[in-house]
Amino acid sequence: MKIKFLGAARAVTGSCFIIETDKARFAVDCGMHQGSDEIEKRNWDVDIYEPERIDFILITHAHIDHSGLLPRIVKHGFRGPVYATEPTGDLIKILLLDSAHIQEVETNWKMRKMQRWGKPASIEPLYSTKDAEAVGPLIKTKTYNEIFSPGNGIKANFQDAGHILGAAILELFIEENGTSTKLVFSGDIGRRHQLLMKDPVTLSAADFIFMESTYGDRNHKGEADSLNEMAEAIKYSYSRGEKVVIPAFAVERTQEMLYSLYLLSRDGRLPKDMPVFLDSPLAIKATEIFRRYRSYLDGETQSLLKNGEDPLDLPQLQFSSTTEQSMQINDMKGSAIVISASGMANAGRIKHHLRHNLWRPGASIVFVGFQAQGTPGRNIVDGAKKIRVFNEDIAIKAKVWTISGFSAHAGQDQLLDWLGHFQNKKMEVFLVHGEVSAQDQLASLIRQKLGFDVTIPEYLEEIRLKAGAQFEEVKPAKVEEPKIDFDLLLGDLASNISHIQNLKKKFKSLPLSKQMEIRDVLQEADNSIDEIKTNL
Ligand SMILES: [Zn+2]
Ligand SMILES: [Zn+2]
């Protein structure tokens with residue numbers, strides 16, 4: 001059989017592995033590529049996935065970097081079943097609708113901008129609400145440990161990955177020419193002792209494993225430390241009458257934040273008069289799905305719920321479903337906690353809260369999840385002095401906190417420990433879903449401590465897997481060096497500027513409204529160039 005790496009290869013996002021056996025061609029995960037423009041361009045070219053030739057898709061969990069490209073693949077001809085666990089099936093539906101809505105809003109915004117510039121254009125979103133709705137009927141749900149056969153000669157089994165509600169490790173048993181080969185896809189492996197999730201299931205057998213490596217280069221702090229840091233951030237901004245803004249993924253991170261605030265409140269470390277806003281319609285819906293699947297939650301949470309306690313609720317918790325309610329939060333004076341999506345601050349309502357709070361000394365921005373390269377969240381965490389939100393440069397004067405202990409991902413030691421349960425020393429380990437430095441560090445630790453062979457596949461690389469744990473490269477990765485002709489670009493820019501110098505007189509003769517429009521465009525261009533300078 002062959003496997004092709006269409007994403008999460010030398011990167012965290014865009015998980016998608018296409019496997020071709022002698023009888024079937026199918027995908028494990030179908031995630032969106034997120035981050036820089038270069039990376040996000042990959043979402044548009046789905047021809048390389050050959051959607052109409054994919055027989056079925058197995059989804060490890062609902063996060064958009066694992067499921068977010070489904071509507072586009074369906075739009076381009078995929079018609080087979082999509083297998084997932086029950087909670088993943090429910091979560092995917094709301095997450096994809098939300099993702100489609102974001103695509104539509106951003107496309108409209110771009111179109112309006114081009115119209116204002118006198119360049120009317122019709123641009124299609126990556127996918128629409130209708131495309132997202134078309135995924136729902138294809139979803140077929142399974143429980144954990146329910147072995148099923150999605151295709152000829154293939155058996156599959158989802159096991160609890162302890163990452164987010166319904167997240168799975170995928171076991172695949174593939175029969176070819178009378179031999180059976182076992183592949184394991186770790187999906188995202190959860191951090192042990194998470195508040196809401198059970199610990200990840202450990203496995204002991206596989207011929208090939210495809211393992212995530214998001215935190216291959218570091219360990220997280222413990223939960224108690226993280227709760228203390230959160231309490232400190234709350235104290236810091238409460239005493240200054242400012243807000244605590246928490247960008248959080250709508251699924252899991254938000255619910256863990258609610259649980260943490262519940263624990264702080266129980267210990268008297270959350271001021272009773274400090275309102276907590278859950279400002280994300282998606283997170284509100286996701287929280288309902290968490291309540292629906294109690295048996296998937298960890299023992300402690302289940303017994304709290306049984307005793308009538310609700311760790312996902314607080315006396316001062318307020319939901320903001322409508323845009324008006326969301327805007328009222330920013331008109332409100334005084335201290336409050338605002339939990340909003342998206343978690344990497346690249347889309348959604350969180351951008352409004354950042355615009356209103358980033359520049360305020362005394363406010364807190366608390367990052368509690370992974371920030372991919374190229375996202376605004378990552379830039380803030382990396383110490384940017386200002387960032388651009390809605391075409392406006394915002395100085396960063398708020399205190400920035402990065403609390404890693406709430407992560408839904410296993411840290412370095414836990415990844416090694418999980419992998420150490422495998423007994424077959426001939427097993428080949430493929431590291432996926434990680435940035436270069438994290439993968440390199442984890443790979444050398446695995447070789448040193450566990451003695452497994454490790455391969456780190458590149459984007460678009462294709463490998464032939466043979467039973468007996470040997471593999472060969474079919475097609476080396478196409479090295480995708482972006483071809484950027486800076487001479488040409490700068491030459492263009494210079495000639496445009498000299499052209500515009502000559503138009504100065506003409507500008508002054510135009511009506512005031514037109515002059516203001518031109519001023520805005522020039523200012524924006526100037527700001528963009530400024531941004532390049534400051535971020536270097
Ligand atoms: Zn995930
Ligand atoms: Zn992921």
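Predicted model: local features only at pLDDT ≥ 70, side-chain atom pairs only at ≥ 80, totals over all residues.

Visitor: Which domains does the protein have?

Guide: The domain assignment gives domain 1 (2-218 + 408-475), domain 2 (223-406) and domain 3 (486-535). The centres of domain 1 and domain 2, taken over C-alpha atoms, are 27 Å apart. In the contact, 35 residues come from domain 1 and 37 residues from domain 2.

Visitor: How do you know how much area domain 1 and domain 2 bury between them?

Guide: The size of an interface is often given as the accessible area lost when the parts come together. For domain 1 and domain 2 the value is about 3100 Å², with 63% of it on carbon and sulfur atoms. L165, L195 and L196 supply 26% of the area that domain 1 buries against domain 2, more than any other three residues.

Visitor: What makes the pair R292 and D90 a salt bridge?

Guide: The closest N and O atoms of R292 and D90 are 2.9 Å apart. A salt bridge requires a side-chain nitrogen of Lys or Arg within 4 Å of a carboxyl oxygen of Asp or Glu, so the pair qualifies. Between domain 1 and domain 2 the count is 4 salt bridges.

Visitor: Why is S404 called partly exposed?

Guide: The relative accessible area of S404 is 28%. Buried means under 20% and exposed means over 50%, so S404 falls in between and is partly exposed. S404 lies in the loop between β19 (399-402) and α13 (412-419). Leaving aside residues up to four places away in sequence, S404 touches H220 and K221. From S404 to F367 the distance is 8.0 Å, C-alpha to C-alpha, and the two are 37 residues apart in sequence.

Visitor: Why does L536 count as exposed?

Guide: L536 has 87% relative accessibility. L536 is found in the segment after α17.

Visitor: Which residues form the nonpolar patch on the surface?

Guide: The patch consists of I484, F486, L489, L490, L493, I497, I529, I532 and L536, with about 940 Å² of accessible area together. Two elements, α15 (486-502) and α17 (512-535), each give two or more residues to the patch. The largest share, 5 residues, comes from α15.

Methods
Residues numbered from 1 in each chain as written. Chains lettered and ligands numbered in written order. Heavy atoms only, no water. Patch = residues over 30% accessible without salt bridge, like charges linked within 9 Å, V, L, I, M, F, W, Y side chains within 5 Å. Areas by Shrake-Rupley, 256 points an atom, 1.4 Å probe, with all protein chains shown as cover. Helix = DSSP H or I, 4+ residues; strand = E, 2+ residues; numbered from the N terminus. Buried < 20%, exposed > 50% of the residue type's maximum accessible area, 1.4 Å probe, protein only. Domains from an automatic or database assignment. Contact = heavy atoms within 4.5 Å. Buried area = accessible area lost by both parts, 1.4 Å probe.
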